[in-house]
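Please look over the sequence and the fold before reading on.

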Amino acid sequence: MPRITPGAVKGTRDYLPRDLVLRNRVFAQLRETFERYGYEPLETPTIERTDVLEGKYGEEGEKLLFRILRRGRDLDEGVAKLVAATDRGTGAATRLLSDEALRYDLTVPFARVVALYQNELQMPFRRYQIQPVWRADRPQKGRFREFYQCDVDCVGSTSVSIEAEMLAMANQVLERLGFEEFTIRINHRALLGALMASEGVPAGLTSATLVAIDKLDKIGPAGVRADLATAGLEDVVAQRVMAAISITGKPAEVVARLRAETQLGSDLAGDAALRDLEAVFGYLAALGVPETRYSFDVSTVRGLSYYTGLIFETVAPGAPVGSLCSGGRYDRLIGQFTGRDLPCTGISFGIDRIFTAMEILGLGETDTTTATQALVSTLGAANVGASFAVAQALRAAGIRTEVYADETRALKGQLSFAAKKGIPLLAIVGDDERQAQRVTLRDLRTGQQETLSMDNAV
């Protein structure tokens, strides 16, 4: 039989050591930034019950759940019921065969945790979580079926100062990762709802209108107008909606134009949303976030149905991978688990999209791509013991150290090995060094070297 070398499943990736070194370094930077802002770590199981996940992501999101078949007798009974039934809908049939699914995101599991442990958590409760999620999506550049998410959420506060701090945190994270150009698009779901009503969109067409607007980046204004017409929106109403979502400028200018050119200012919900946005823009200035980093984008929708207040997403020019981080306020989601609403705001960092964008933009290419900081040579069997002694001394000093694993290979080959791995330091222990109880340390980045006694080498 011919040898088959299987590749990774479509939409998934293998991560070699050089990839993981960079990823782990980025994860460490993220954790450090989050903890500076008072957020604490949390993890939840890979598998969730489908009744926890269903009804939280909208119709399109629910189609992307990776469902898990029931096992053993439960599966046999489900199949038997499915075979016996002739009038079951697709959803009911699916539930007969599956009652669990892989995590779709980190927000809904977080809501479940808050509902379960609400009496043990000190409110407001701030958490961050970095774990993989799964979506049965069509793989494409920057879009995976298995990928890491990194979520930061605060539950228990209605203050939009939380949103402002999250946006400042997103700005700091992307700056630390080396992104020079990016824009955080900010909007408000209540404002969108009020705008639809004030511009004459019938209640029954609000959802279809927002779905069309959400595709603006992909299909352009003409495509949105066509979708609105297909949905049944009157042309004069569609024209007013398109005019409103096309308002651009500095955040304060957009607020002023919306008050002047639409009916939002006289709508209670619309006016409250505009005041929320004005407060956030003021807080961002106090936090030192420049206006060049964010915009008030009236066309930003965020497709998930659980958002209730401010929403935001971040894009980087030159890296067309979708939103790098996004989120918003969702004050009613946790109430689906507890029976009472708890205010909550969150932001999610698309880790794999961020890494794809970094690759496209050439960020992080000069970083060390190995965890090893020093390589100790092994030049002949007689010197292996001395090499081990040097390695242990380096490790005791906190230096991550690898001992070359072939004492018969010449120094030139060991140097080549270190260079290919990107190891910055070589400790040479040959016959002369062993006999004199010394070690030669060579900086492979500069070529400089020094011979020291073994006691003084670290």
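## Overall picture

The protein has 458 residues, and 46% of them count as buried. Its secondary structure comes to 18 helices and 16 strands. Along the principal axes, the C-alpha atoms fill a box of roughly 90 × 65 × 50 Å. Among contacts with a separation of 6 or more, 69% join residues 24 or more positions apart.

## Confidence

Mean pLDDT for the protein is 87, with 91% of the residues at 70 or more. Helix α4 (residues 72-84) has the lowest confidence, at a mean of 62, while strand β1 (residues 40-41) has the highest, at 97. Where pLDDT is low, the predicted coordinates should not be read in detail.

## An open sheet and its helix

An open sheet is formed by 5 strands in the order β13-β12-β14-β15-β16, with mixed pairing. The edges are held by β13 (401-403) and β16 (449-453); each has a single partner strand, so one side of each is left without a neighbour in the sheet. From one strand to the next, the twist averages 25 degrees. Within this sheet, strand β12 (residues 374-376) pairs with strand β14 (residues 425-428) in the parallel sense, over 3 bridges.

Helix α16 (residues 384-396) packs on the sheet and touches β12, β13, β14 and β15 (438-443). The direction of α16 makes about 170 degrees with that of β13. Valine 390 is a residue of this helix. Is valine 390 buried or exposed? Valine 390 has a relative accessible area of 7%, under the 20% cut-off, and therefore counts as buried. Residues up to four places away in sequence aside, valine 390 touches Val376, Ala427, Val429, Val439 and Met454. Valine 390 and alanine 115 lie 275 residues apart in sequence, and their C-alpha atoms are 54 Å apart in space.

## Two buried loop residues

Leucine 333 is placed in the loop between β10 (325-329) and α14 (335-338). Its relative accessibility is 0%, so leucine 333 counts as buried. Which residues does leucine 333 contact, leaving aside its neighbours within four places in sequence? They are Lys56, Thr107, Val108, Ala111 and Tyr306. Arginine 112 is 221 residues from leucine 333 in sequence, yet the two are 9.5 Å apart in space, C-alpha to C-alpha.

Glutamate 199 is found in the loop between α8 (189-198) and α9 (206-214). With a relative accessible area of 6%, glutamate 199 is also buried. Not counting residues up to four places away in sequence, the contacts of glutamate 199 are Val237, Arg240, Val241, Thr262 and Gln263.

## The second largest pocket

Rolling a probe the size of a water molecule over the atoms shows where empty space is left. In the second largest pocket there is about 270 Å³ of space. The lining of this pocket has 13 residues, of which Arg18, Asp19, Leu22, Glu359 and Leu363 are the closest to its centre.

Which helix gives the most to the lining of the second largest pocket? Helix α1 does, with 4 residues. Both α1 (17-36) and α15 (351-361) supply at least two residues of that lining.

Terms used. Residues numbered from 1 in each chain as written. Predicted model: local features only at pLDDT ≥ 70, side-chain atom pairs only at ≥ 80, totals over all residues. Heavy atoms only, no water. Pairing = 2+ DSSP bridges. Axes fitted to C-alpha atoms, helices over the stretch in contact; angles between N-to-C directions. Contact = heavy atoms within 4.5 Å. pLDDT = per-residue confidence, 0-100. Buried < 20%, exposed > 50% of the residue type's maximum accessible area, 1.4 Å probe, protein only. 1 Å grid on protein atoms, 1.4 Å probe; cavity = no way out; pocket = protein on both sides within 12 Å on 5 of 7 lines; lining within 4 Å. Points joined across faces, edges and corners; volume = space filled by probe spheres on them.
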